[in-house]
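Open the model in your viewer and keep the selection panel at hand.

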Amino acid sequence: MDPTDAYVDAAAAALGLHIAGEYRSAVIGYFRLAASMAECVMAVPLTEADESASVFVPVAPLSDDEEQPR
Amino acid sequence: MTAMATHTAEQVRSGATSARAVVQASLDRIAHSDPGINAFSSVLAERALKRADAVDASPRRSRMKLAGVPFAVKNLFDVAGLPTLAGSKIERDHAPAARDALLVRRLEAEGAVLVGALHMDEYAYGFTTENTHYGPTRNPHDTSRVAGGSSGGSSAAVAAGQVPLTLGSDTNGSIRVPSSLCGVFGLKPTFGRLPRTGSYPFVASLDHLGPFARSVADLALAYDAMQGHDARDPACAERDPAPTAALLQRGAGGLRIGVLGGWFREMALPAATAAVDQVAEALGTSRLVEWADVEAARAAAFLITCAEGSELHLDDLRSRAADFDPMTRDRFLANALIPAAWATRAQRVRAQFARRVAKSFETVDVLLAPSTPCVAPTIGTASLQIAGRTLPARASLGLLTQPISCIGLPVVSVPLWGLDDDAPHLPIGVQLIAAPWREDLCLRVAAALEAQGVCSAPIAP
């Protein structure tokens, strides 16, 4: 079996996703499209200093004098 | 004839006309025109007329900035008493929203009147509003063509003169693409500017909300009324409102303007580059600016969309995949499977691109690019020829918007006309792009172009 097809089947199983027979070919096609996007992204040189754009902001409790949002 | 929002508000404030009369006229236009357009998923006549009467009777009426202005919202905005469909069949089963979305409440606090909810691509995952559950939303300027998406109902309702103001959302282009294809003004603010509280998400890392209108003054009026931090949207920036309406008159004089090259020229058909060139000439610029790694930025936004969009719907993909729109289902299924490394790397590439683009804005104020590669395709079009390649039509409509929204830059899409020789009746949009938090610059340049007659948003005949 083609490795991409095998990955799609295995990843779907790992996620508990049943991909109906009539959807499988299209799903594999779209996965290949995502893979082509990934090739472009993975080719960009980065260093360990290049951190994620997604940054966690800790949530502080509301103080007594802070208003509840309207 | 639908008056502009600014004019309507003046008339209702002064008592020259009543909010009820304005809203009734809007409801009549919707009833007459919507069977041919399919913009509206719900029309809220009883609520709207009750609200209009309240505006007319209000002691605050003479101070309401949007007094009596009818508006409608993409059906991913919560509307009290309606299930928030987000273009789906699945969400019909859910409890109705208890409260209006925050931006709806802010507009109504200024006297605007919600008249209904608007069609969209299912779960916002599309650029054409060809929704299998509800039928396509048609372009009012040519009903054989798409209105764009995913906020197609929002753009069509304004283009058809049903209401002067609508709200939509933009993750990878879903305000700018339909604005371009329907010939209206659209604003995608900076990521984190307008709170998304009370709206159905698609990709939390990329979702923006914003207005559509037929004039820049109307866009600014609505945008100003909606600004303000809200802690319930974790992505909403803690910034004070920065009103723009009074700044429009400053125009574009003194601003440094450039044209984006590279990807933004290569992946555009002649009508799109001609539109940008016309805007550049009107603004007196021939300066070309090129960014590196634009294709990678687009791909990064694509992968972030894959990961977050699919994870949000994973439970339904497991239990009821057949209830998704076939236009989204197989994409959501495939995208749920991407390796973590792809999405994680995409966020790092995104950050790097944002830093590099910020550098370019040290020497330029506003950059120009097409909003779409082409004018509106006919409904059902599967592929387009772009840059010598056959590309899938629907995904390709967002090629030029996706790299920009990837890094949350504010954009106004302005409509131009007559640039496609094969379809001279159709509009196409140009993105006016500024650095983060500089919506004022985008709006000033848009106003200058409108005053010169370069851009306009006539109601479809």
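What follows is a list of selections, with what to look for at each.

**Before you start.** This is a predicted model: local features need pLDDT of at least 70, side-chain atom pairs count only at pLDDT 80 or more, and totals for chains, interfaces and linings use all residues. Residues are numbered from 1 along each chain as its sequence is written, chains are lettered from A and ligands numbered from 1 in written order, and side-chain values use heavy atoms, without hydrogens or water.

**Stop 1: the interface.** Color by chain. The buried area between the two chains is about 3200 Å². Carbon and sulfur atoms give 70% of that area. Buried area here is the accessible area (1.4 Å probe) that two parts lose on being put together, summed over both. Now pick Leu337(B), Trp342(B) and Arg348(B). In chain B these lose the most area to chain A, together 21% of what that side buries.

Stop 2: Show side chains of Asp50(A) and Arg355(B). They meet in a salt bridge at 2.7 Å, N to O. The term means a side-chain nitrogen of Lys or Arg within 4 Å of a carboxyl oxygen of Asp or Glu. The rule finds one such bridge across this interface. Polar contacts number eight residue pairs across the interface, both residues at pLDDT 80 or more. A polar contact is a pair of N or O atoms within 3.5 Å; within protein, one must be able to donate a hydrogen and the other to accept it, and residues adjacent in sequence count only if both atoms are side-chain atoms.

**Stop 3: the cysteines.** Search the whole structure for disulfides (cysteine sulfur atoms within 2.5 Å). Select Cys40(A). Its sulfur is 11 Å from the closest cysteine sulfur, in Cys406(B), too far for a bond. Cys40(A) is partly exposed, at 23% relative accessible area. Next, Cys374(B). Its closest cysteine sulfur lies 13 Å away in Cys182(B), again too far for a bond. Cys374(B) is buried at 8%. Buried means under 20% relative accessible area, exposed over 50%, and partly exposed in between (1.4 Å probe, protein chains only).

**Stop 4: charged pairs.** The structure holds 24 salt bridges over all chains. Start with Glu108(B) and Arg51(B), at 3.7 Å, N to O. The pair links helix 4 with helix 3 (residues 45–57) of chain B, 57 residues apart. Glu108(B) is buried at 8%, whereas Arg51(B) is partly exposed at 27%. Then select Asp230(B) and Arg232(B), which meet at 2.7 Å, N to O. Asp230(B) is buried at 5%; Arg232(B) is partly exposed at 34%.

**Last stop.** Pick Asp330(B) and Arg329(B), a salt bridge at 2.9 Å, N to O. Asp330(B) is buried at 7%, and Arg329(B) is buried at 10%. Finish with Arg47(B), Arg51(B), Asp100(B) and Glu108(B), which salt bridges with shared partners join into one network.

Methods:
Helix = DSSP H or I, 4+ residues; strand = E, 2+ residues; numbered from the N terminus.
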